[in-house]
Amino acid sequence: MTELGLRERKKLETRQRITAAALDLFVARGFEAVPVIAIAEAAEVSPATVFNYFPTKEDLIYDGMASFHADLIAAVRVRPEGTTVAAAYRDYVLQRRGLLASNDPHGLELIARVARVIRESPSLQARERLESDRAIAALADLIADELSAAPGDLRPFVHASALVSVSRAMSRTVQDGAIAGHSAPKVARQVMAAGTAAFDSLERGPS
């Protein structure tokens, strides 16, 4: 792994300080009740600095989700020849990464805090739907190319919606496990088993 330079480390530290300060305020007051200027003051930066790192307040929570979807779509786009979109999507989503590949209880505590903030915020729930819609649209384009679908063909959107729904449900399962206080290995086992079963069900149809 390439070691970060001083400039990159400082930028990462600033980013982490902003997100930590924001989450503390969101937990204490609720997402909608916290202005960006309060986040800036708590993180000891200017409001402009907050916006440099996070163009919208919702990005403080969903920046990671947007990055995950971008990486996921990129992985599906460059899938090996002969691999279907659905298979490439499944392979990527079912990889253990981040907290699901570790035994870090603090990571799950963080997920639980974020999940509670999201579930109490209409704005964040709307942003989650928007991120899912964007992922569905990008995935549907890839499926349309694979199927050589004609305009008006609903299959790309239907298939894309089903696939994104699985990863979204898996995320919800992780949040539920974190809120319930389960260990990281237990949450990982649960979400991987549930995700595998869901993808299997899509392939063979409901039974």
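User: Are α6 and α8 roughly parallel or roughly perpendicular to each other?

Analyst: Good place to start! Two packed helices are described by the angle between their axes and the distance between the axes. In this predicted model, the axes of α6 (residues 105-119) and α8 (residues 155-179) cross at roughly 110 degrees and come within 8 Å. Angles of 65 to 115 degrees count as roughly perpendicular, so α6 and α8 are roughly perpendicular to each other.

User: Which residues of α6 and α8 make the contact?

Analyst: On the α6 side they include Leu-108, Ile-111 and Ala-115, and on the α8 side Val-174, Ala-178 and Ile-179 are among them. The residues of this contact between α6 and α8 divide into eight nonpolar, one polar and four charged.

User: Which element gives the most to the lining of the largest pocket?

Analyst: That is α4, with 11 residues. By type, the lining of the largest pocket has 25 nonpolar, 11 polar and nine charged residues.

User: And what about the second largest pocket: which element gives the most to its lining?

Analyst: There, α8 gives the most, with four residues. This second largest pocket has a volume of about 270 Å³. Ala-86, Ile-143, His-159, Leu-163 and Leu-202 are the closest to its centre, out of 14 lining residues.

Conventions: Residues are numbered from 1 along each chain as its sequence is written. This is a predicted model: local features need pLDDT of at least 70, side-chain atom pairs count only at pLDDT 80 or more; totals for chains, interfaces and linings use all residues. Side-chain values use heavy atoms; hydrogens and water are left out. Axes are lines fitted to C-alpha atoms, for helices over the stretch in contact, and angles run from 0 to 180 degrees between N-to-C directions. Helices (H or I, at least four residues) and strands (E, at least two) are DSSP runs, numbered from the N terminus. Angles under 35 degrees count as roughly parallel, over 145 as roughly antiparallel, 65 to 115 as roughly perpendicular and the rest as oblique. Contact means heavy atoms within 4.5 Å. Ala, Val, Leu, Ile, Met, Phe, Trp, Tyr, Cys and Pro count as nonpolar, Asp, Glu, Lys and Arg as charged, and the others, Gly among them, as polar. On a 1 Å grid over the protein atoms alone, a cavity is a set of points where a 1.4 Å probe fits but cannot get out, and a pocket is an open set with protein on both sides within 12 Å along at least five of seven lines; lining residues have an atom within 4 Å of a point. Grid points are joined across faces, edges and corners, and a volume is the space filled by probe spheres set on the points.
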